[in-house]
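Here is a short briefing on a predicted model.

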Amino acid sequence: MPVIYYVILSSLLFCIGLYGVLTRKNAVAILLCIEIMLNAANLNIIAFSRCWPEPARGTIFVLFVIGLAAAEAAVGLAIIISYYRKSEAIDLDNINLLKW
Amino acid sequence: MNTGLIRLLPELVLCFGALLIIFIDIIYSDIKKYWLGFLAYGFTIISFICLFILGSNKTWLIVQGSYAVDGFSIFCKALLLIAGSVIILFSIAYVYRGMEYKAEFFALILFSLMSMLVLVSSADLILILLAFEFVSISSYILVGYHRDDMKSREASLKYFFYGAISAAILVMGFSFLYGLTGETNIYLIARALGGKTQLLIPDYTLLALLGLVLVGAGFGFKIGMFPFQMWIPDVYEGAPTPVTAFLSVASKSAGVALLLRFFFVVFTNNFSINWSIILLVISIITMFTGNLMAISQNNIKRMLGYSSIAHVGYILAGIVGIYHYKITTGYTGATFDVSPILIYLTAYIYMNLGAFAVIILSEDMTGDNIPSYAGMSQRSPLLAGMLTIFMLSLAGIPPTIGFIGKFFIFGELVNASHYLLVILAVINSIISVYYYFRVVYFMYFVPPETEKKGFSYSLLTMGALWACFAGTLFIGISPNLFIELAKKALIGIDIIR
Amino acid sequence: MENNYNIVFLFMLAGAAMGLVGMGLATLIRPHRPNELKLDTYECGPKTVGKTWIQYNFRFYTYVLVFLLFDIEAVYLIPWAQAFKHIARHGIGDFIFPEMAGLFIFTEMLVFLLILIIGLIYAWKKGALEWTKDHRKIKRMTGF
């Protein structure tokens, strides 16, 4: 299959993730949308890597991105929980202490 | 042994230091924590010495070409280490006074500093990504370090979301660059984009533009350029003050250095898209946003946050100037002279660190609000005087280092005959005088509301403050030696031939 | 290349058809007499108790974090193992002792593991691995 199909798919996924990030209010849902965006990029890299004589480079790139996403999710969840502990809410509408 | 690996010594020292601090904290859990702070400070100094010993103007590409140690990266690393060590000095007293998890604070600062050093000399997409995220993730934790302070948590949450989104956007941009060229090394990508090796599709404009915009957005989040600047004031206000200083100085400088290397290496040689037009518009809007929003601020940390956005605007203007100068003169050499930006970054680091040192010292007595600085000239003439000098410097008034920085940026713009941009930048500087001098006005001309007692100085923070003060004035008065140094820090474009 | 995916698609169709045809036929043939007991949620015979959305113990979170450490470590072992295979065969160009290349790469991985192990020791010493019932301790560990 030509690579353009994969690129279109991953771009769609990326846009879905971005849309979710911009519209969702729940902190955990936003985290999931960010994961979707990261995985869209992963898909893109893997698809592109098949077009080149040395696909291992792309594969390793993706492995590192996966590790990075895991680290980010771990710290992110910890931060969300730490916030939830005091405010009892993970709705981002309530996060309005700091503005302007 | 691999011969080039010794060049990694400054980074390795910092990493070892951070691990050692965690280890000591586990084994001897009843140790006085400020010793760990001194240990962290010592490791930054050792790292600096290693950098100094290994420093040379030659370009080394080590670790399979993914790590570039050249004049530019060594200069930036020196700046970052100075900033980091000064911030550790600030934070020893601050952390000791009231923070949980004291040891981890220093370990995180060291880890973050290490990843910044990696960031400024990484020349591979994977390494850039990892270092970029490492800086971000340690900063998320540092920002939320006041766990009982609602503002700190909220800042941490906001910073995390913005940072995570920026990382995702950055990876997407990298994926397009990788797909187009089949390489992850930025020098090889530059060669491929310059037409020396085959690309995925011959007409690369669309894919390259996607990569350029997405990568620019990802970096833009880190340094706070216009459409992505929203997080800066919130995070700066909510974070513990030494962490605010760290973010505004070290993190931002590392981001700017990364942006410089990446854009000047990847998107210059025979690259058909003239991105400086986009950057020109962004830099103007960034300047105006920062300066206009700063006027109405009452919280001094928030005001400095907006002012740092404005400073990013000037830096971007400088980048535009350098790039345009190259285009107009048809320069095709192998190196790029980015000394105006480096001088500006140095100025920014010294004066901002100084301002934050004063804020940290007076925080307990006055709080963060600008009106509460009223009558500071009577309560502490020393701090008031110093803060005045730093505000002068931030506004870019001679004989301070801030003036030298602005002078070189504007000079570069005049060289590139960007007169409109110069005029706009000067207008912005004039706007900025208002809100910087508002602080001075409150300190000198408004009497204090109630009789308050004087200040108690922490010796270490005072030392750091004096160092920043000396740097601000000394380089401002006799900048020649320093400019010589900055002129040697060149970015090599076409290292791999 | 395209043929492979067509076969996969055919398999998916066939798999879906098997289930759908069976259920469709059954719907056509069977008698339809619902009552309340029949429509109830089935849970091993007895009546369902409580809601399906239950809250897991918070202490799982620290466990998961520590698990994640070694989960991700395995991911990074793969490229290392690949590079090891390559280098053990061909060596690295600028090595002073080419025959020591394998040992060097092995040491590099040991350093990586050492850093991870320091992380584990940290978590252990801070009490993340204990399933304590002492509420003060839990509060200290997790904040809840």
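**Packing of α5(B) and α10(B)**

- Helix α5 of chain B covers residues 125-143, and helix α10 of chain B covers residues 241-266.
- The two helices pack at an angle of about 170°, and their axes lie 11 Å apart.
- Angles over 145 degrees count as roughly antiparallel, so α5(B) is roughly antiparallel to α10(B).

**Helix α5(B) itself**

- Of the 19 residues of α5(B), 18 are buried, so the rest of the structure largely encloses this helix.
- At 1.5 Å a residue, α5(B) should span 27 Å.

**Interface between chains A and B**

- Contacts link 31 residues of chain A with 33 residues of chain B.
- On the chain A side, the elements that give two or more residues are α1 (3-23), α2 (27-49) and α3 (56-87).
- Helix α3(A) supplies the largest share of that side, with 15 residues.
- The residues on the side of chain A that touches chain B divide into 24 nonpolar, 4 polar and 3 charged.

Key:
Residues are numbered from 1 along each chain as its sequence is written. Chains are lettered from A and ligands numbered from 1 in the order in which they are written. This is a predicted model: local features need pLDDT of at least 70, side-chain atom pairs count only at pLDDT 80 or more; totals for chains, interfaces and linings use all residues. Two residues are in contact if their C-beta atoms, placed from the backbone, lie within 7 Å. Helices (H or I, at least four residues) and strands (E, at least two) are DSSP runs, numbered from the N terminus. Ala, Val, Leu, Ile, Met, Phe, Trp, Tyr, Cys and Pro count as nonpolar, Asp, Glu, Lys and Arg as charged, and the others, Gly among them, as polar. Axes are lines fitted to C-alpha atoms, for helices over the stretch in contact, and angles run from 0 to 180 degrees between N-to-C directions. Angles under 35 degrees count as roughly parallel, over 145 as roughly antiparallel, 65 to 115 as roughly perpendicular and the rest as oblique. The expected span of a helix is 1.5 Å times one less than its number of residues. A residue is buried if 20 or more other C-beta atoms lie within 10 Å of its own, exposed if 12 or fewer, and partly exposed in between; C-beta atoms are placed from the backbone.
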